[in-house]
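Look at the chains below and follow the charged side chains through them. The text after the picture goes from single pairs to a whole chain.

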Amino acid sequence: MDAEAAKLLAAALSIGLGAIGPGIGIGIVASGALQSIARNPDVSGEITTNMFIGIAFAEALAIFGLVVSLILLFVV
Amino acid sequence: MEALGFDFKLIFAYFINFAILVVALRAFAYKPILNLLEERKKKIADGLDSAEKVKEQAERERAKFQTELEKARLSSQEDASKIAQATAEMREQILTEARKEAEAIKERARAEIEAERQSAQSDLRRQVADLTVALTRKVVGQSIDKKAQHDLVGKFLAEMGE
Amino acid sequence: MKNKALIYAAGALVLLVLGVMFLRFELPVVSVSAETLWTVGGFKITNAYFTSVVVTLLIIIVAFVGTRDLKIKNPSGLQNVLEMIVEGLYNLTEGVSGPKWVARFFIVPTTIFIYVLMSNWFGLLPGLAGIGLCQEHHVEAAHAEEAHAEEASHGETAVSSTTCPQGQVIVPFFRSPSADLNNTLMLALVTQVMAQVFGFSALGGGYLKKFFVFGGVAAAFKPDEHGNKRSVGGMMMQLAMGVIDIFVGLLEFLSEFVKIVAFTFRLFGNIFAGEVMLIVLTFLVPVMLTLPFLGLEVFVGAVQAFVFFILSIAFYTVAVTSHDHDEAH
C-alpha cells in the first residue's frame, strides 16, 4: 500500500469510524428528549433547546473526525 | 493551514463585516424593536389597568344605582299604598255624603210631593164641590133645595174621599 | 386521487431517467477553500467573502426597511417577522441565561444566528453555482501533478457542459460564507473572546480560578473543615482530589480552545459537507433526487444557525457562573 492509498483510506476511516459514536450518541439524546417531551409536553421548548446543545456536543466529535479527514486529504 | 484556506487578512475582513452587521442590527433592529415591545407591554398593562378601573367604577355605580332604585321602589310603594288608602277613605266619604244628600233630596222630594198632593187634593175637592154645585144647579135648576144639595155634595165627597 | 399520485410518480421517474441520460455534466471542482474571484491590492476577494458582503448588506437593508416606521398597533408584515425573530431569540436567551445578563448576551449571538442562517440559505439558492467567472483550473501546488493525471484520464470522456474555454472552470460568484473556514473561525473567535470578556467582567480575577484550581491541593496541608488536623490517609485523599481538580481545571482551560475548533468546524463541516453532497448527488442523478436533500440542507442550515446561537449563549452563561457559587446550592 503506497502512501497515497493509505492517506485516502485513513481519511475515509477517520470520518467513517468517527461518525459511529456521535451517531449513537445523538440517537440516545434525541430518544431521551422525545420521551421527556412525550411525558411532559409543557416543557418541550426547553427540552428541545437542551437537546440541541447535547446534540451539538456529540456532533462535535464527528466534526473532529471530519476535520482529520479534510486535513488528511487536503493538507498532509 | 494554507490548504484549508486560512488567511488572516480574510479573517479580519470577515470580522469587520460582522462588526458592521452587529452595530447596524443593534441600531436598526434590536434597540427599536425591544423598545417597541417594552412600550407595547406597558401600554397593554396600562390598558388593562384602566379597563380594570373602569370596570370597578362601573360596578360601584351599578351598586349605587341599585340601592337607589330599591329605595325609590320602597318609597313609591309606600306612597302608592298611602294614596290608595286616602282614595278609599275619600271614596267612602264621598259615597256617604252622596248617600246622605240623596237621602235628603229624597226626603225633601217626598215632603214636597206630599204637600203637593195635599194641596192638590184640597184644591180638587173644592173644585169638585163647586163644579158639582154648578152642574147640579144646571141639571136640576133652581128646584133643588139647599138641604138636598148639601146632602148630595156631602155624599159625593164622602165617596170621593175614600 | 390514487391515479393522480401514480401519474406524478411516473412523471418524476421519467424526468429522473431523462436527466440521467441527457443532463450528465462534469463533476465540478470541489475546493475546501473559497475560490478567489478578484485580487485587489494583494487582498484576495474570495467568492465566500463576496457573498458575505452581499448577505450583510441584505440583512442591513431588510432590518432598516423593516424598522423604519414601527407601529405599536397593527404592525405590518415585515415588522411582524422582525419582531417575531428578535422577540423569540430574546426570550430564548432569557430562558437560558436568566434576566440579569440577557441584554448583554443577546446581541452578538442573535446577529450570528441571523447572519449564519442567511449565509447557509444563500448558499443553497439553486442556480447560483452556475454563475461565475471562468478561471484557470487552479489546484493546490502539492496536488498539481495528481490533478493533471486525473484530468488526462478524464478529459476525453467527459463532455464539458460549461461555456468556459478548455482548461478553465467556472468559479461561481456565490459560495455560502459558512463553507469558508475563515468566516466560521472568525465567528468562533468572536464568540469565545466574548465569553472570556463576560467571564472576567462577571467574576473578575475569580474567573481564572475555574481553570487553575489549586485550592484542593492547598487544603490538604491545612486542617479540615472541622478544624482537626488531617491524618496521613486523609491528607493523601485530599491531595489526590486536589490533583484531580487541577487536571479538571486544565481540561476546562483546554476545552476553551477546543470550543473554538468545534465551533469553526461544526458549522463549516455541516454546510460544506451538505453542499458537496448536493453537488455529488446532482452529478449522479441530475434531476429530482436532489430535491429532498435540498430540503434537508435547508433544515440543517437552520439547525446549525440555531446551534451556534444556543451554544454561545450557553457558554456565556457558564462563563459568568462561578464554580463556588454553583456548588453552594
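Lys259(C) and Glu256(C) are 3 residues apart in helix H9 of chain C, so about one helical turn separates them. Helices here are DSSP runs of H or I with at least four residues, and strands are runs of E with at least two, numbered from the N terminus. The two side chains form a salt bridge with N and O 2.9 Å apart; the term means a side-chain nitrogen of Lys or Arg within 4 Å of a carboxyl oxygen of Asp or Glu. Lys259(C) is buried at 15% relative accessible area, and Glu256(C) is buried at 11%. Buried means under 20%, exposed over 50%, and partly exposed in between, with a 1.4 Å probe and protein chains only.

This is a predicted model, in which local features need pLDDT of at least 70 and side-chain atom pairs pLDDT 80 or more, while totals for chains, interfaces and linings use all residues. Residues are numbered from 1 along each chain, chains are lettered from A and ligands numbered from 1 in the order written, and side-chain values use heavy atoms, without hydrogens and water.

Another salt bridge joins Arg266(C) to Glu59(A), with the closest N and O atoms 3.5 Å apart. This pair crosses between chains, from helix H9 of chain C to helix H3 of chain A. Arg266(C) is buried at 4%, as is Glu59(A) at 13%.

In chain B, Arg126(B) and Asp123(B) meet in a salt bridge of 2.8 Å, N to O. Asp123(B) is partly exposed, at 34%. Chain B has 2 helices and 0 strands. Of its 162 residues, 15% count as buried.
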